[in-house]
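Please look first at the fold as a whole and then at the places where its parts meet. The explanation below moves in that order.

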Amino acid sequence: AQFWLLANAVYDHSQAKRIFTLLGSAGIIGAVTGGELTNLLIKEIGLPTENLLAICAALLVVSMILVTTIWRVRGLGREEPAPADSQTEPALALVGVFRTIKQSRLLWLIIALIAVAVMVSTFIDFIFKDIGYGYYAGDKDGMTAFFGRFYGRVSLISLAIQLLLSYRILRALGVGGALLMMPLAVLTGSVAVMAVPALLSAIFLKGSEGSLEYSIDRVGRELLFLPIPLDVKKRTKVFIDIFVDRWF
C-alpha cells in the first residue's frame, strides 16, 4: 500500500500509464528471486525454514534505505505542513476518510472490487495449501521447498505476462477488460478443483490466480485510482489497501 502511494506521488497520470507496468515487473522479479532462493537454501544448503526470517529482515532494511533515498531525491514532503487542528486526531481523521469515500462512487466500486477479489483469493489460498499440506504431510522442509519452487515458477509466468502482454491487453481491452481476465481464470480453475480435487488441479487454480493477480490485475487495479486527485488518494488509499484488504 505504501509503495503504490509513493509511486502515485512520484509520477503523474501520463507517466504512470507507462511506468506502472515496469514497477509491477520489478515486484514480480523480486517474487521470482524469493521463491527460487527459498528452494535453493532449503534443498541445496539445508537452511532451516525458520532462518528464512533473518533474510526477510535484512531485505526490509535495504527497502527502508531505498525509500528514504527516493524521498530525498524527489524532494517529497518539503511542502509546508498543514496547521495543527482537531481534524488531525485519529478518530476525526477516520471519520473524514469515511466521508470522502461516501462521496465518491468510483471509490465505492473499487472497494467492492477489492473486497470480492480478496475474499476469493483467501479461499483459493486455503484450498491450495490444504491440498499441499496433505500431499507433503510430515515433510516440513520438503513442503517449504515445494511452495518456494511453486511461487517462483508462478512469478516467472507472471513476469512474462507483465512484460509481453500487459500493455497489449490494456490497449486492446481497456482496464475493465483486463480486470475480467483473473475472474475468468479463477472460475475455470475452481471448476477443475471441484471435478478433480488433486494437487495438480490446485496448482492450476492457484497458479492461474497468482500469475494474473500480480501482473495485469494489479496494474489494472492501480490504474483505477488515477482519476482520483492525489490529496484524496492520500486520505483514502492506504485505508482501502490495508483496512479493507485485511477486513475482507
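Predicted model: local features only at pLDDT ≥ 70, side-chain atom pairs only at ≥ 80, totals over all residues.

Residues are numbered from 1 along each chain as its sequence is written, and side-chain values use heavy atoms, with hydrogens and water left out.

The chain contains 10 helices and 0 strands; helices (H or I, at least four residues) and strands (E, at least two) are DSSP runs, numbered from the N terminus. The C-alpha trace spans about 60 × 40 × 35 Å along its principal axes. Of the 248 residues, 40% count as buried, where buried means under 20% relative accessible area with a 1.4 Å probe, protein chains only. Among the contacts (heavy atoms within 4.5 Å) with a separation of 6 or more, 73% join residues 24 or more positions apart.

Two packed helices are described by the angle between their axes and the distance between the axes. Axes are lines fitted to C-alpha atoms, for helices over the stretch in contact, and angles run from 0 to 180 degrees between N-to-C directions. Helix α5 (residues 105–135) and helix α9 (residues 199–224) have axes that come within 10 Å and cross at roughly 155 degrees. The two helices α5 and α9 are therefore roughly antiparallel to each other, a term for angles over 145 degrees. Their contact includes Leu106, Ile110 and Phe128 of α5, and Leu199, Lys206 and Arg221 of α9. By class, this contact of α5 with α9 has 14 nonpolar, 2 polar and 5 charged residues; Ala, Val, Leu, Ile, Met, Phe, Trp, Tyr, Cys and Pro count as nonpolar, Asp, Glu, Lys and Arg as charged, and the others, Gly among them, as polar.

Further along, the axes of helix α7 (residues 166–179) and helix α8 (residues 181–195) come within 7 Å and cross at roughly 65 degrees. Here Ile169, Gly177, Ala178 and Leu179 of α7 meet Met181, Met182 and Pro183 of α8. The contact of α7 with α8 has 6 nonpolar, 1 polar and no charged residues.

Finally, the whole structure holds 12 aromatic pairs, meaning rings of Phe, Tyr and Trp (its six-membered ring) with centres within 6.5 Å. The rings of Phe128 and Phe147 have centres 5.6 Å apart and planes at 70 degrees, so the pair is edge-to-face, the term for planes over 60 degrees apart. Phe128 lies in helix α5 and Phe147 in helix α6 (residues 140–164), so the pair ties together parts that are 19 residues apart in sequence. Both Phe128 and Phe147 are buried.

Notes
Parallel < 35°, antiparallel > 145°, perpendicular 65-115°, else oblique. Phe/Tyr/Trp six-rings, centres within 6.5 Å; stacked < 30°, edge-to-face > 60°. Buried < 20%, exposed > 50% of the residue type's maximum accessible area, 1.4 Å probe, protein only.
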